[in-house]
Amino acid sequence: MSLQPVPKGELRWGYSTGACATACTKAAMMALLEQEDVSAVTITLPDGEEVLFRIHHCSYTTDSATCATYKDSGDDPDVTNGAEISSTVSFGGMLPVNFLPGEGVGMVTLPGLSVPVGEPAINPVPRQMMSAVVREICRQYNVDSHIGVSVRVTNGATMAEKTLNARLGIVNGISILGTTGRVKPFSAAAYIASIEQGIDVALANGLQTVVINSGGRSEKLLRGLYPQLPAMAFVQYGNWIGETLEKINNTPLQSFTIGMMLGKAVKLAGGALNTHSNQSSWDKEFVAGLAATAGYPPEKCETIRQLSMARGLTELFPFESGEPFYAALAAQCRQVIASVLKPVPFEIVLIDAADQHLLYVD
């Protein structure tokens, strides 16, 4: 999952995959029962706001109907922005509303998610929204039948390769997400949800520890340090250290390890729990002071103030065990983490991005 800079100016909100699937489900129900094309529908979001969706494709028979729309994520750079989302409804099924597999929507294969194993990866709120419109249309047309709903996302399996779905045991497609029906630009809600789900999946599969890390490069190195742990034990926090620690606070995890590139470590040491460049920058004065407390002479500390990037610290302080600067940096990171964390053991691993080298500091 790539991280992009936030553009300047007022940003436009969009609508979630769950809202799009709900609109398509409502349109398909109307097309099935009226046996007529539907070009637009209005749905009610969880907070009561009514929103109009355009339907660009509608087809139907006496037994089923399919309607499709394009997702508008607003100014959020979501991988599903512009995706074609469709819903096919049909008569039958064991329950009043049955969610069936659909191409491009992943299937859940591991316990720990809010959706049972063997079900399509449609989260609870979208399921509630779609079930509500099915019941609404059935009441409106005085129909007493069970209904099957199959959501499809064109090229969803390809889109899923850019997400962390496979890590969560969601295979062959994306998840249908949304708790409000809206997409807040650059809120990273989907990324934060993947963090929370990753920890839930690890716990549900019997793990008592996880290794949280910033992304693919750091994780590759950390896997070498902990070869005994399965892939699901490694959870990528991106820049959202605070949200990850908050999730850990609400779980029975017995321990964890946090791996950090130096650029993120110096920000965290300064108290930044969100290390995105839009939210924080490294404080050279603070880091120079940290070096001074570790016993380095003033001229050495002054060189820190001349650095443009934190990765240059390895040119000043050898990135090796026993170097006082990194011990002081890790100790400060530990203090910040402990200030927001319940009592639980954790280890810190610093990572040099330039040389792809680990420094185990605990």
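Start at Cys-301. Its sulfur lies 17 Å from the closest cysteine sulfur, the one in Cys-333, so the two are too far apart for a bond. A disulfide here means a pair of cysteine sulfur atoms within 2.5 Å. Cys-301 is buried, at 5% relative accessibility. Buried means under 20% relative accessible area, with a 1.4 Å probe and protein chains only.

A word on the model. It is predicted, so local features need pLDDT of at least 70 and side-chain atom pairs count only at pLDDT 80 or more, while totals for chains, interfaces and linings use all residues. Residues are numbered from 1 along each chain as its sequence is written, and side-chain values use heavy atoms, leaving out hydrogens and water.

Next, select Cys-20. The closest cysteine sulfur is in Cys-24, 6.8 Å away, too far for a bond. Cys-20 is buried too, with a relative accessible area of 1%. The disulfide count comes to zero.

Now move to Arg-127. Find this residue in helix H2, residues 124-140. Helices are DSSP runs of H or I, at least four residues, numbered from the N terminus. Is Arg-127 buried or exposed? Arg-127 is buried, with a relative accessible area of 16%.

Show the side chain of Arg-127. It reaches the backbone oxygen of Ile-122 at 2.6 Å. A polar atom of that side chain also lies 2.9 Å from the backbone oxygen of Pro-120.

Last, display the surroundings of Arg-127. Beyond neighbours within four places in sequence, Arg-127 is in contact (heavy atoms within 4.5 Å) with Phe-99, Val-115, Glu-119, Pro-120 and Ile-122.

Technical notes. Helix = DSSP H or I, 4+ residues; strand = E, 2+ residues; numbered from the N terminus. Buried < 20%, exposed > 50% of the residue type's maximum accessible area, 1.4 Å probe, protein only. Polar contact = N/O pair within 3.5 Å; in protein donor to acceptor, adjacent residues only side chain to side chain.
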